[in-house]
Amino acid sequence: MASKLIRIASYQAENQQELSLRQAFDLLESKLRPPFPLIIPSPQEYTQLNQAILYGVLVEPHFAKIHIKHLHAIVVDGYKLFLNLLDGLVNELYGKFVDSVKDQLIWVTREMIDVSAVGIDGLLVSLLRQIVGGDFSGGNLWLCFELVGVFLSKWDCLLEEEPLVLTSALYTFLRLLSDHCRLLRNPELGVLRQLEIEFCVKMLREQFHLCLKIGRDLVRLLQDLVHVPEFRTIWKDLVLNPSEFRTAGFSDISELYCTRTSGRYFLLRITPEMETHLRFLLTHVMLGSQKRYQTWFAKKFLLGPERESLVVDIVRFICCAHHPSNEIIQSNIIPRWAVIGWLLKCCRKNYIEANGKLALFYDWLFFNEKVDNIMNIEPAMLLMVCSLPNYIDFTHSLLEFLLLLVDNYDLDHKDILIRGVSSAFHTVVQKGVVHSLDVLTRCDALSPSIRQRLQKLLLQ
Amino acid sequence: MVWLRDIVPAAQNNINTHFILLDKGKITSDGQNKMCLALAADKTAAVHLQLWGEECDAFEAGDIIRMENGIFSYNRNNLVLRAGKRGKVEKLGEFTMEFVETPNMSEIKWVPDPNNFNKYVQHSVISPHSRIFPPTP
């Protein structure tokens, strides 16, 4: 059976959300043209009316304005239900929307920003999450283009009503730019790149106090763009002239280092489907039974020359946005370190593997027991320890990478890095993640020089 | 709805169940019709699934499938679960389903129930896992 909303493949079960919207529309179709009845609807009727109008807006572009006028006339909850329905639809069915529906989706999003609808920040985040990292297909770039256009054209309104969502957009477009700036020879990307750069520079130069809310991962994202001319000056100012940002309370990059990035930023670069699959893997699959799931996941999300870059975002997500309960940790369910180990080994490109390790260790570099969460650093420790003795080279490479980071990541703030990593090591012992660091410092299979450097670090 | 561990070979299309597709074999053709064998499982057991015609291209490993009025019987010497002419299969989703690969209901020797020749009972295990789709190491 054909649908006006989504592409239905053969042998696909009917989708409940699509069904309920369509049924509401069919039921109320005659009441969706003016003159609109002025009877106050019951809660159930209100729900159906919202469903019908939403369906109408998405599948009847010629009547969309009439549908929206109708919505404005009947709304009693600040558009909360309407946006709730739309958000649910985007999260579950965006990938299946027919093209005209996607156009309508952007149109209605702009309409909802204009009326400061309740939940518009959630919808914008859901839309940002539908941009797939490492995907340069036309459809994906189209969404990127439309969304950066929305954020630029609705800047004033969003700044006033939902300033935090601008930080979500900044995180997203900075991250996407590091992919988009790698494929310089692709002409399609030229215009998109310029718009993304325009948005990000505007945020960083005009609303730096907002950008600070992202926390330390802002530095990680900006570092990947240092080679881009527009960001080179920003980076220089960040490192050498913090006062250029004219932001009270910001005098040094270390203030960003000390701010842990909230888990919700890491959701931005994982689609809801990826999130569901990863959380299922880490909650229901036993260690030893993960092989098939991993094959399916890799085939669906990591296949393709540029898709590998997603590994970096997934590692960050697992460390910081998925904290299993004690019950799960003590069970046979596959632990986070094992999934991260598999992901790192999936990397074919050296720079992606390096970025993946940076993502794994990022919270180590600035660890402070008072503000940081041990759950963010636990996977790296366990990955190093549990890779002994069978994958000794892997432990070696991880430890070496960590020590290299301490020495080279920020020469002006080496004291912070030493303190952070040392603190991280001591905390994992103190909290019982491992019994003792002897497992590393007294491991004969690790080179004496690595062990020496580690011991020296631990004493500081 | 029935768990895979509870299915019994019978010439009846009354199997309502759901499972996840673990692996799919090569699509072959007898000239007119496409056929392909697959491994399906739920959290109680696994089974060989026979896909027929357009079903062969519609499903991939990782798909969660609902079967209505399916049939579990001997088809060309293979004991397989299939939709058959009167059944239907539909894709519900992907990935989020637990499964086991043993026992495999197709790798069991079934014999007629001595008390009721119309029914089958388990006699012995031919193989704990599918011999066609062995578990990935």
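Predicted model: local features only at pLDDT ≥ 70, side-chain atom pairs only at ≥ 80, totals over all residues.

Modeller: Let's start at Pro389(A), which sits in the loop between helix 22 (374–386) and helix 23 (392–408) of chain A; helices here are DSSP runs of H or I with at least four residues, strands are runs of E with at least two, and both are numbered from the N terminus. Residues are numbered from 1 along each chain as its sequence is written, chains are lettered from A and ligands numbered from 1 in the order in which they are written, and side-chain values use heavy atoms, with hydrogens and water left out.

Chain A has another cis bond, from Pro34(A) to Pro35(A), with omega near 0 degrees. Pro35(A) also belongs to a loop, the one between helix 1 (16–28) and helix 2 (43–59) of chain A. As background, most residues other than glycine have a negative phi, and most peptide bonds are trans.

The phi side of that shows up in chain B. Asn69(B) has phi near 55 degrees, positive without being a glycine, and it is found in strand 5 of chain B. With a relative accessible area of 33%, Asn69(B) is partly exposed, because buried means under 20%, exposed over 50% and partly exposed in between, using a 1.4 Å probe and protein chains only. Asn77(B) is also a non-glycine with positive phi, about 70 degrees, but its place is the loop between strand 5 and strand 6 (78–82) of chain B. Its relative accessibility is 77%, so Asn77(B) counts as exposed.

Strand 5 (residues 63–75) of chain B runs antiparallel to strand 1 (residues 15–24) of chain B, joined by 5 bridges; pairing takes at least two DSSP bridges between the strands. There, Ile15(B) faces Gly70(B) of strand 5. Strand 1 also has 4 bridges to strand 3 (residues 34–41) of chain B, again antiparallel, with Ile20(B) opposite Ala41(B).

Now for where the chains meet. Chain A puts 18 residues in contact with 29 residues of chain B, contact being heavy atoms within 4.5 Å. In chain A, Tyr11(A), Arg292(A) and Trp296(A) lose the most area to chain B, together 45% of what that side buries. The buried area comes to about 1800 Å², with 59% from carbon and sulfur atoms; that is accessible area (1.4 Å probe) lost on putting the two parts together, summed over both.

There are 3 salt bridges between the chains, each a Lys or Arg side-chain nitrogen within 4 Å of an Asp or Glu carboxyl oxygen. One of them links Arg292(A) and Asp23(B), with the closest N and O atoms 3.7 Å apart. Helix 16 (272–284) and helix 17 (291–301) of chain A are the elements giving two or more residues to that side, and helix 17 gives the most, with 7 residues.
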